[in-house]
Amino acid sequence: MTTLPSGPVLLYDGECGLCNRVVRLLLRLDRGERLRFARLQSEAGQAYLRTQGLPAADFDSLVFVPDWDRREPRGYLLRTDGVIAALRVCGGLGKGLAAVLAVFPTAWRDAGYRLVARWRYRIFGEWRPRPLARPEWQARFIE
């Protein structure tokens with residue numbers, strides 16, 4: 001895993017079965033290979049959380065960083081705003097899904113997100129690492 005100098009990065013719970021499935025879906029949708037990923041538990045993820053004053057032990061929220069190279073204070077999006085931003089970066093079908101999600105008010109979306117976050121381990125379980133569908137995707141992860 002290599003650190004990439006710039007571009008959007010999605011920080012996600014690397015131990016969550018649902019979160020890892022969403023990352024794999026985003027990998028498939030992002031044909032332009034613009035989006036990068038880092039586990040919230042990783043060294044890079046933890047360093048980012050600390051520098052932004054975000055909780056380093058709370059893995060219930062994903063964090064979308066628009067430009068990893070220019071990590072501005074409060075320059076991130078959380079929960080469904082982060083999901084929508086990540087889908088927009090993917091383009092194509094992802095952009096369409098983002099448009100559908102964006103119709104709903106943030107408060108409603110985030111309420112649903114929190115509900116799913118509370119139950120995700122019970123429903124989807126803990127992630128058991130397995131090979132990526134395409135080995136070249138590995139280069140899109142920041143450790």
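This is a predicted model: local features need pLDDT of at least 70, side-chain atom pairs count only at pLDDT 80 or more; totals for chains, interfaces and linings use all residues.
Five salt bridges were counted in the structure. In one of them, the side chains of aspartate 30 and arginine 140 meet, with an N to O distance of 2.5 Å. This pair joins distant parts of the chain, 110 residues apart: aspartate 30 lies in the loop between helix H1 (17-29) and strand S2 (36-39), and arginine 140 lies in the segment after helix H5 (106-124). Both aspartate 30 and arginine 140 are buried. Asp30 and Arg140 also belong to a network of salt bridges that includes Arg34.

A salt bridge is also formed by the side chains of arginine 39 and glutamate 143 (2.4 Å, N to O). Here strand S2, which holds arginine 39, is linked to the segment after H5, which holds glutamate 143, across 104 residues. Arginine 39 is classed as partly exposed because its relative accessibility is 26%, and glutamate 143 is classed as partly exposed because its value is 33%.

Arginine 109 and aspartate 81 form a further salt bridge through their side chains, at 2.5 Å from N to O. The two residues are 28 apart, with arginine 109 in helix H5 and aspartate 81 in helix H3 (residues 79-90). Arginine 109 counts as buried because its relative accessibility is 11%, whereas aspartate 81, at 29%, is partly exposed.

The structure holds one cavity of 30 Å³ or more. The space in the largest cavity amounts to about 30 Å³. Its lining comprises six nonpolar, one polar and three charged residues. Among the lining residues of the largest cavity are Tyr12, Asp13, Cys19, Phe59, Ser61 and Arg120.

Note on methods:
Residues are numbered from 1 along each chain as its sequence is written. Side-chain values use heavy atoms; hydrogens and water are left out. On a 1 Å grid over the protein atoms alone, a cavity is a set of points where a 1.4 Å probe fits but cannot get out, and a pocket is an open set with protein on both sides within 12 Å along at least five of seven lines; lining residues have an atom within 4 Å of a point. Grid points are joined across faces, edges and corners, and a volume is the space filled by probe spheres set on the points. Ala, Val, Leu, Ile, Met, Phe, Trp, Tyr, Cys and Pro count as nonpolar, Asp, Glu, Lys and Arg as charged, and the others, Gly among them, as polar. A salt bridge is a side-chain nitrogen of Lys or Arg within 4 Å of a carboxyl oxygen of Asp or Glu. Helices (H or I, at least four residues) and strands (E, at least two) are DSSP runs, numbered from the N terminus. Buried means under 20% relative accessible area, exposed over 50%, partly exposed in between (1.4 Å probe, protein chains only).
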